[in-house]
Amino acid sequence: MGVGVLGSLMAGWASANKFSLLGGLRTAAQLLAYELPMLLTAASVAMAAGTVSLPGIVDAFEWWWLPWQIVGAIVFFVAGLAELQRPPFDMPVADSEIIFGAYTEYTGLRFALFLLAEYAGIIVLCGLTTVLFLGGWHGPWGADGLGWVWTLLKTAVLAFVVIWLRVTYPRLREDQLQKFSWTLLVPLSLAQIALTGIVKVVIQ
């Protein structure tokens, strides 16, 4: 998770441009703030499954997990959007305000690679959300022979939500963006871990 922070900081620093450096610092502040709730909610699922293996989490998944893990799923997905700097969390690359942040001096293939990494991140985020919170390849009717279809379908629906949010919500201010993480998402993720611990004790 920390590699993305280093990439943005290095991109801003290597530009030899003060605006790019400020954009890189803004990116680092956002990524550090939203990594914590994302990892805490993923840890909640690992606690419930008793393993950190992704196939193990899917194998241990039960549909009755959904009601008490739904808050964690939403926190994970929203924090993932902020990690990808997707709207409404696109402050670091706000082209109308800071001239595309850390990537101001990049054109051509280098610029394309930054954007391609963002769109690849959408698939990774949606795939991880599917595996951690939506049962991965398990379908609602027990037809596990079509597991790849269920995985692709869930991932595609979540990817549609990511694209839909781009045109639905306005961009947050920098102070709103930080406050949203530290005062809402982090407490919710900690509450999710506490709830997971309670449920594990009760069912055992």
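1. Let's start with Thr196 and its surroundings. Leaving aside neighbours within four places in sequence, Thr196 is in contact (heavy atoms within 4.5 Å) with Ser44, Met47, Ala48, Trp68 and Gln69. With Gln69 there is also a polar contact of 3.5 Å between the side chains; the term stands for a pair of N or O atoms within 3.5 Å, where, within protein, one must be able to donate a hydrogen and the other to accept it, and residues adjacent in sequence count only if both atoms are side-chain atoms. Thr196 lies in helix 8, residues 174-203, and counts as buried at 0% relative accessibility. Here buried means under 20% relative accessible area, exposed over 50%, and partly exposed in between, with a 1.4 Å probe and protein chains only.

2. A word on what you are looking at. This is a predicted model, in which local features need pLDDT of at least 70 and side-chain atom pairs count only at pLDDT 80 or more, while totals for chains, interfaces and linings use all residues. Residues are numbered from 1 along each chain as its sequence is written, and side-chain values use heavy atoms, with hydrogens and water left out.

3. Now the overall fold. The protein chain has eight helices and zero strands; helices (H or I, at least four residues) and strands (E, at least two) are DSSP runs, numbered from the N terminus. Its radius of gyration is 18 Å, close to the 17 Å that the globule rule gives for 204 residues, so the chain is as compact as a globular protein of that length. That radius is taken over C-alpha atoms, and the rule is 2.2 Å times the number of residues to the power 0.38. Along its principal axes, the C-alpha trace spans about 55 × 35 × 30 Å.

4. Buried residues make up 45% of the 204 residues. Of the contacts with a separation of 6 or more, 77% are between residues 24 or more positions apart.

5. The loop between helix 4 (65-83) and helix 5 (95-98) deserves a look. Pro88 is found there, and a cis peptide bond joins Pro87 and Pro88, with omega about 5 degrees. Gln85 is in this loop too; it has a positive phi of about 60 degrees although it is not a glycine, and it is buried, with a relative accessible area of 8%.

6. Is Ala16 buried or exposed? At 76% relative accessibility, Ala16 counts as exposed. Ala16 sits in the loop between helix 1 (3-14) and helix 2 (18-49), and its phi is positive, near 55 degrees.
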